[in-house]
Amino acid sequence: MADYVRREYPQWSWSFSRQQTLTSCLRRYYYNYYGSHNGWESGATAEAALAYRLKKLSNLYLVLGDALHKSAYYMVERVLAGKVLPGADFVEEEIRRQLRKVWKSSRDDRDLFLRRPNRVDMLQEFYYQMEVSEETLAKINERIKQVSRAIVASTVWGELGARGVELISCEQFDTFTIDGTPVFAVPDLLYRSSEGSWTIVDWKTGDEVGDNQDQVALYALYVQNKHKVPAEKIIARLEYLSLQTQRQLTFTPEDLMVVEEKARASMKKMRDLLIDPAENIPKSKKAFVLTDSRGLCPWCNFYELCKGELERSVS
Ligand code: SF4
């Protein structure tokens, strides 16, 4: 493992999720990418330490998505090893086991989380002492059943096990560059067929939203740029496991140029929020205004940091 190098400011990079955060709320973007930086240090300011802690919070839907992806990764390994795949009951129990584990640490390990937030899985629902309604629990329970059945029934396993198919990556963190900026891309699954087509698979446990297509289009740009694959040879498939539907996308070189231009425009917006782009030094926190869509603030990780300012701004 590389030695830890302390940086006064975080390294500049771009990702699709960073863009989503920027679009959702400038203050959330600030806390997530700047205000929490070095918040893990013993000498951190109180605000940086709190922002770092809050950044670490998860929620039931995120834990479900994470557990599903762990099961999918396990299944990829079994296919590659020529082993029998587990059934839906096995996957469902594994997802439930992981949810129970996070539920337990959230309920029992609050004190440790306050001291060492990187050591404990903590659900936002417990941290903020929000009641988890019967309706939410029923929805999560139903979703666990749906996604377990759907991942086992996915056509991807037959395709991945076919003769001549090569796995390129599975949940592998990778980067490519646009104008010198490192761009993060983590496709759930990427494989190449014997005919030379490249397939990106992205598993979703939630509802279909427009952003999903933009996200896999960015992965297609990554495949084109990093692996030197012509756009026409790339297929992206979104599998909506709880809906039991899927959407397949193909691309032209022009489509991917548009994706690259959108990323550039987003980078420019982010850089406009810096006083020193070379060192990635942000403007003052005031430049990162609170969102106008305040209805969702109580469900935001950083609510504790914003609560006073939100209350003052309405009084
Ligand atoms: S609590 Fe609201 S204003 Fe504060 S970071 Fe979150 S979304 Fe933005």
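Which residue takes a positive phi in the hairpin of β2 and β3? Keep that in mind while we look at the strands. One caution before we do: this is a predicted model.

Start with the strands. β2 covers residues 174-178, and β3 covers residues 181-185. They pair in the antiparallel sense, over 5 bridges. Take F176 as an example: its bridge partner in β3 is V183. Between the two strands sit 2 residues. And here is the answer: D179 takes the positive phi, near 50 degrees.

Now step back to the domains. The domain assignment gives two entries. Domain 1 is made of 26-155 plus 297-308. Domain 2 is 164-269. Taken over C-alpha atoms, their centres are 24 Å apart.

How many residues of each domain are in contact with the other? On the domain 1 side, 15; on the domain 2 side, 12. Look at domain 1's side of that contact. Two helices, α4 (60-80) and α8 (134-153), each supply at least two residues there. The largest share comes from α4, with 9 residues. By class, this side has 10 nonpolar residues, 4 polar and 1 charged.

Last stop, the ligand. Which residues surround it? Here they are: C25, R27, R28, L290, T291, C297, C300, F302, Y303 and C306. The elements giving two or more residues to this shell are α2 (26-35) and α12 (303-314). By class, the shell divides into 7 nonpolar, 1 polar and 2 charged residues.

That's the tour. Thanks, everyone.

Note on methods. Residues numbered from 1 in each chain as written. Predicted model: local features only at pLDDT ≥ 70, side-chain atom pairs only at ≥ 80, totals over all residues. Domains from an automatic or database assignment. Contact = placed C-beta atoms within 7 Å. Helix = DSSP H or I, 4+ residues; strand = E, 2+ residues; numbered from the N terminus. Nonpolar A, V, L, I, M, F, W, Y, C, P; charged D, E, K, R; others polar. Near = placed C-beta within 6 Å. Pairing = 2+ DSSP bridges.
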